[in-house]
Amino acid sequence: MILIFAEVQNKTFKKQTLELVTYGSKVAKMLNTSCVVLVLGEAENAGQLGKYGANKVYQVVNDHLNTFDSQVYTQVIAKTAEQIDASVIVLAHSSTGKSILGRLAARFNAGSVAAVNTLPSIDGNSFEVQKTVFSSKAIATYSIKSEKKILSLSGNSIAPEILGNEVEVELLSIDVPAPKVRVKEVKKVAGIVPLPEAELVVSAGRGLKGPENWGIIEELAKELGATTACSRPVADTGWRPHHEHVGQTGVAIRPNLYIAVGISGAIQHLAGVNNSKTIVVINKDPEAPFFKAADYGVVGDLFDVVPKLTQAVKDFKSK
Amino acid sequence: MKILVCISQVPDTTAKISFKEGNTVFNTDGVQFIMNPYDEWYALVRALEIKESQGGSVTVINVGPAENETVIRKALAIGADDAIRVNAVSSSALFIAKQIAEVAKAAQYDIVFTGKETINFNRSEVGAMIAEYLDQPYISYATHLDLQGKTATIVREIEGGSETLEVDTPFVISAAKGLAEQRIPNMKGIMTAKKKTLKVVEPIAFDDISFPVRYELPPSKAGVKLLDADNMEELVRLLHEEAKAI
């Protein structure tokens with residue numbers, strides 16, 4: 001069995017969860033087994049995960065799951081994995097998944113690989129997966145030798161696919177211990193796709209000269225339906241909040257499209273963004289190192305180029 | 001507070017990455033090694049700040065060969081009281097976590113710090129593994145940590161925002177940017193570091209069950225296609241038709 005842990009957010013499933021279910025279903029086919037999804041906490045219409053490839057959906061509802069405590073979640077996932085004799089457990093490489101992956105590996109003495117971005121290659125007893133290493137400067141192939149294998153999947157590594165129909169949800173009764181962690185406050189920007197999950201990202205750097213000029217970035221992002229991000233100096237000087245900082249010390253992202261405006265492209269910045277499928281660089285300096293990592297480039301004054309690009313996107317969408 | 005800080009040795013952020021022996025081994029020729037920045041700048045410094053305000057001790061631990069002692073001495077120069085090196089070479093997260101957990105179990109630390117990830121393997125696994133071995137809470141990606149007696153108030157990064165929580169010691173925590181400010185060791189620190197205890201312990205037997213078997217460099221970009229600032233329609237067309245990004 002393949003066990004997928006489906007994260008719930010405000011009783012709904014993020015796109016990353018749908019990606020995960022599709023991934024699990026494909027791994028299940030490779031191993032000639034089925035894909036079981038575990039939902040922890042209340043969720044609307046968990047049965048819809050069947051459409052993305054789940055053969056079975058289990059759900060555990062308990063007040064102790066309303067607070068995220070990695071110890072509690074690990075225990076419930078581990079018990080479920082034992083019940084169904086899961087050979088592969090897959091989590092999202094998210095703040096939640098990262099806190100659970102290592103715990104499960106230690107608990108089961110199982111080989112684990114974090115932040116995989118491809119389907120495994122399976123040949124007899126050999127099980128290999130790939131992930132980026134050295135801050136995206138190389139790709140490593142990992143071999144897992146244990147019977148149980150635990151993976152976390154990077155966002156935007158696979159597209160969710162419709163592979164089946166809604167399935168029935170079975171409530172599991174598992175003892176859930178009380179959390180030791182007491183959550184006091186959660187601050188989230190409402191209505192915006194968080195950066196690690198965003199498919200389109202518009203990012204700006206020092207070239208913008210000041211926070212008062214941020215409007216042109218937001219307008220472009222709004223027109224594209226993109227999430228905004230920034231370089232380290234912009235977050236450090238407080239022009240933008242820290243959770244928007246992409247790069248080595250900030251958030252690492254892998255969107256379909258990354259538009260970098262007025263960012264020179266220091267190696268530490270590239271480390272966080274060069275997994276983007278397509279990179280557009282807008283910079284007035286033709287020698288900016290970022291152009292070497294870009295697919296498309298515009299050499300010009302961003303205050304001239306960005307509004308023109310916004311207009312062109314507007315025209316394109318109205319066609 | 002009795003604190004343990006886990007430190008890794010990693011290639012410098014600007015190091016050129018290449019491989020040898022049929023792409024199975026990282027080529028260290030000409031590569032400068034440093035302490036993993038998240039371990040040094042955030043985990044170690046916050047641990048020292050806690051010791052300075054509340055008393056206690058800060059021990060650093062590294063799983064690695066004797067060559068790593070330069071980096072370990074640097075941690076002592078920054079202010080750690082003593083150090084432990086587990087004499088083993090492994091790129092398996094579980095192996096490393098097991099060795100650290102064995103030491104931590106015996107010594108009973110109030111807090112075990114790690115960096116949020118290493119900049120070479122980018123796994124973010126070891127902290128959670130240690131926490132599981134010790135049967136303790138694990139708080140990842142902490143950007144803020146305050147202690148009142150045994151109770152810690154921690155802010156951690158989550159997707160698109162932050163979470164504030166409370167937890168009692170003992171616990172394991174991974175440090176992200178914002179937790180502290182980098183400290184540069186001074187001459188006095190460097191001199192006293194030489195006299196501090198660096199204990200070498202042998203690893204316990206433990207099989208590697210998950211490890212990198214080969215490496216490759218990412219496919220290189222075909223080269224940038226430059227567009228005129230007055231022709232953004234063309235850029236949008238390319239993004240739609242060629243890149244299929246919008």
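The model is predicted: local features require pLDDT of at least 70, side-chain atom pairs count only at pLDDT 80 or more, and totals for chains, interfaces and linings use all residues. Residues are numbered from 1 along each chain as its sequence is written, while chains are lettered from A and ligands numbered from 1 in the order in which they are written.

**Domains of chain A**

- Chain A is divided into domain 1 (2–171) and domain 2 (195–318), with bounds from an automatic or database domain assignment.
- The centres of these domains, taken over C-alpha atoms, are separated by 31 Å.
- Ten residues of domain 1 of chain A are in contact with ten of domain 2 of chain A, contact meaning C-beta atoms, placed from the backbone, within 7 Å.

**Overall fold of chain B**

- Chain B contains six helices and 15 strands, which are DSSP runs (helices H or I, at least four residues; strands E, at least two) numbered from the N terminus.
- Its C-alpha trace spans about 65 × 45 × 40 Å along the principal axes.

**Strand pairing around β9(B)**

- Strand β9 (residues 138–148) of chain B runs parallel to strand β12 (residues 171–175) of chain B, joined by three bridges; strands pair if DSSP finds at least two bridges between them.
- A142(B) has A175(B) as its bridge partner in β12(B).
- β9(B) also pairs with strand β10 (residues 151–158) of chain B, in the antiparallel sense over six bridges, and H144(B) is partnered by V155(B) in β10(B).
- Two residues lie between β9(B) and β10(B) in their hairpin, and G149(B) in the turn has a positive phi of about 60°.

Definitions and conventions
Contact = placed C-beta atoms within 7 Å.
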